[in-house]
Amino acid sequence: MGGSRVQVNKPHKSRFSSKSSRSLHKVSQKDKNRIAKSDRNATKGARAARLQRSKMLREQKRAAFLKEKRASSGSASPPRLILLFPLSPSVNVNSLAEDLLRLLSTEGAGALSSTVASSEYKLRATVLQAPHGDLLSCMEMAKVADLIAFVASATEESTCDYIDSFGSQCLSVFRSLGLPSTVVLIRDLPIELKRRNDAKKTCTSSLTSEFPEDCKFYPADTKDDLHKFMWLFKEQRLTTPHWRNQRPYLMAQKVDMVPDDSNPGKCTLLLTGYTRAHSLSVNQLVHVSGAGDFQLGKIEILKDPIPLNARKEHNAMDSDDIQDVEVIRSLAPDPLNEEPLLVENVPDPLAGEQTWPTEAEMAEADRNQKQKRLRKKNLPRGTSEYQAAWIIDDTDEEDSDAKDEDADDDDEDDDGMVLDEGESGFPSQEGTNNPDFEDQASLYLRDSDEETENDSVMMEGENLTREQIEAEIKKIKEAHAEDEEFPDEVDTPLDVPARKRFAKYRGLKSFRTSSWDPKESLPPEYARIFAFDNFARTQKHVIAKALEMEQESRDNRVPAGSYARIYIKDIPLDIASKLCAVSRRAPIILCGLLQHESKMSVLHFSIKKHDSYDAPIKSKEEFIFHVGFRQFVARPIFSTDNVNSDKHKMERFLHAGRFSIASIYAPISFPPLPLIVLKGAGGASTPTVAAVGSLRSIDPDRIVLKKIILTGYPQRVSKLKATVRYMFHNPEDVRWFKPVEVWTKCGRRGRIKEPVGTHGAMKCIFNGGLQQHDTVCMSLYKRAYPRWPEHRFPVLNA
């Protein structure tokens, strides 16, 4: 052990030099308790903050609930609207309405008004009777109803007779609109107790699947049954669709018109009723059902003719004349704050004129010109200098694209189809002296209005005979069946060159990834519409601004629940007279519009064909769109909804069983809003439900591409090569469409090599062996747009 070393204590090995210095670094027990106490205090403070926040949220919800309850059932709230809808024609709704009004009314026998106030139930109610068979009236009543009471008769022989086809159709429409609170009232029950209970159970079990889970079934034969129902209805918290609470609206109880002496052909429409949901400003625009958007002349706040407390205001309305009601306050619009009635944009014809270029732009143009001069161009024989100036630009683009794609060919073809970016990777043809070259070079600037299919809609019924109408319907059905079996396939015409017939179409290397400029070659209608830079941000700002103005309680607003007379100015006399006639069978609804909602734009709806509609629905046909409270006429185009692409394929028909996107020119509306699409039949008084859906977005830049497929058939097949015929009928068309890729129905892809002969045959090369029975296809695309409606509102065409 001689090699062992003595351990030496080094100063850096020990933390403390001595025991006395070690104790100086110890934490005292007092300090430890203080630190632990502060941690416990922090924990208790966080828990107390959570409890306080939960308490505050509960109080806010309770206050909001009490405010909603007072607004819906207080003395200042408007009468509740009860809609009695018969599920079958055998149900007597008139007797049920009379029983309800007598139960609520304090007066004895005599003529009963549809709106009554009950001091016993502390409730005001308006009873509406839905006419069985009148779809439009039922829809308008369902839009404003606070409670829909579906009335069934227990005397039906079979369970399927409780609800007929019209009742099922209206029920599906009500679901699409958004159902408010619903109940089912059962009438004509037997007097005997056992049979009464059995009949009620049978009716309930048969109808339960048709209504929401919270829907209750009540007998409604005797006064005691109605008394029990009214007590439950009084305490019930009513639910309404969300879209109805975004805008103020009014159901007109009285409609009148006053001619305007200063403006011949115009008049002032007077609508009297209770304002609902929100306060209505005299400066904002309003929409009248089916008539259009208008400005207000003034608003008169009237004394409530049917107050809830009859003792204080007993003589409020002794006469039925609207002019005898006392006016409490009158509101006039402010010219500085009044919303302008701006529908279409007025395009400036000089907006597209070129301004004087800047020095930077001129320097850049000089550099580009010098680069172009250094490059050698192959021009057709006999091309003038002026023509070469145009052709060189296109050739430069093709050459630059070809360099990017590493094209193998040395010579670029000027007699070809201009494709989208990223498509010129196809080898182009050799230079040729084609006499039609100048024609082909100007095809892009040609505005051809020809379509692949006949886009004209069916003529009016009075202009066609019965045989012509039947032939037109048969033709549309055959086209619908052919579109399902062979979608997008078209035949190349024999008498018109394909390069002229399909001049507005182009090929795409990839439908999903190829670029398409949304501002390119827009139609003239796009100069008349409005667009948003950020629609979601604009909608949020508009709704917040409307709520802020309502909370300010300004003097130019009518509070919700007030009985008011609305003066709508500058309405044509024929429209006002039609509205007065319609008001006798259906309610006239007025709704306030938010900012920008009178301006035209491109609206996109998620739409599905209704199950009860069997006829084909073709793009660009005329339909009546019910979007929330608003109605307008539109001619939509249908398209798919691609999630992973900015381009969407147009559909020629709306197919059943799946959702599509319908794009139309229409006034701006902020979602969410329901959609009901009606199709008017020739000579029929009531239109039929064609489709249902909802508002998706507002975006004029949404690209909808119409696709066509040109087909040819192999004539000779040799390994990877094949001679294809009947796709084109002359060699010039083959050279024009040579850059576009071809594909087969069996999954092969290839390209056109060269034309063969003089009848349009061509030699193609594929990436695999081609079968003799295969079909060679070529996909072409062009952008599609909706058609501008001839008249915007249905009343104008009534």
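I began with the side chain of His626, which makes a polar contact with the side chain of Lys143 at 3.1 Å. I note that the model is a predicted one.

**Entry 1**

I placed His626 in strand β20, which covers residues 623-627. Is His626 buried or exposed? I found a relative accessible area of 1%, and because the cut-off for buried is under 20%, His626 counts as buried. I then listed its contacts, leaving aside neighbours within four places in sequence. They are Leu136, Met139, Glu140 and Lys143, together with Gln631, Pro674, Leu675, Ile676 and Leu678.

**Entry 2: helices α4 and α5**

I turned next to helix α4, residues 135-144, and its packing with helix α5, residues 165-177. The angle between the two is about 35°, and their axes lie 10 Å apart. I recorded the crossing of α4 and α5 as right-handed. Which residues make the contact? From α4 I listed Leu135, Cys138, Met139, Ala142 and Lys143; from α5 I listed Phe166, Cys170, Val173, Phe174 and Leu177. By class, the residues of this contact are nine nonpolar, no polar and one charged.

**Entry 3: the six-stranded sheet**

I traced an open sheet of six strands in the order β2-β3-β1-β4-β5-β6, and its pairing is mixed. Which strands form the edges? They are β2 (115-118) and β6 (216-219), each of which pairs on one side only. I noted an average twist of 30° from one strand to the next. Within this sheet I checked β1, residues 80-86, against β3, residues 123-129: the two run parallel and are joined by five bridges. Leu84 stands opposite Gln129 of β3. I also looked up helix α6, residues 193-207, which packs on the sheet and touches β4 (147-153), β5 (181-187) and β6. The direction of α6 makes about 150° with that of β6.

**Entry 4: strand β19 and its partners**

How many bridges pair β19 with β24? I recorded nine, in the antiparallel sense, with β24 spanning residues 659-667. Met600 has Pro667 as its bridge partner in β24. With strand β26, residues 688-698, β19 pairs over seven bridges, in the antiparallel sense. There, Ser606 stands opposite Ser694 of β26.

Definitions and conventions: Residues numbered from 1 in each chain as written. Predicted model: local features only at pLDDT ≥ 70, side-chain atom pairs only at ≥ 80, totals over all residues. Heavy atoms only, no water. Axes fitted to C-alpha atoms, helices over the stretch in contact; angles between N-to-C directions. Helix = DSSP H or I, 4+ residues; strand = E, 2+ residues; numbered from the N terminus. Left-handed = near helix turned anticlockwise from the far one by under 90°. Contact = heavy atoms within 4.5 Å. Nonpolar A, V, L, I, M, F, W, Y, C, P; charged D, E, K, R; others polar. Pairing = 2+ DSSP bridges. Buried < 20%, exposed > 50% of the residue type's maximum accessible area, 1.4 Å probe, protein only. Polar contact = N/O pair within 3.5 Å; in protein donor to acceptor, adjacent residues only side chain to side chain.
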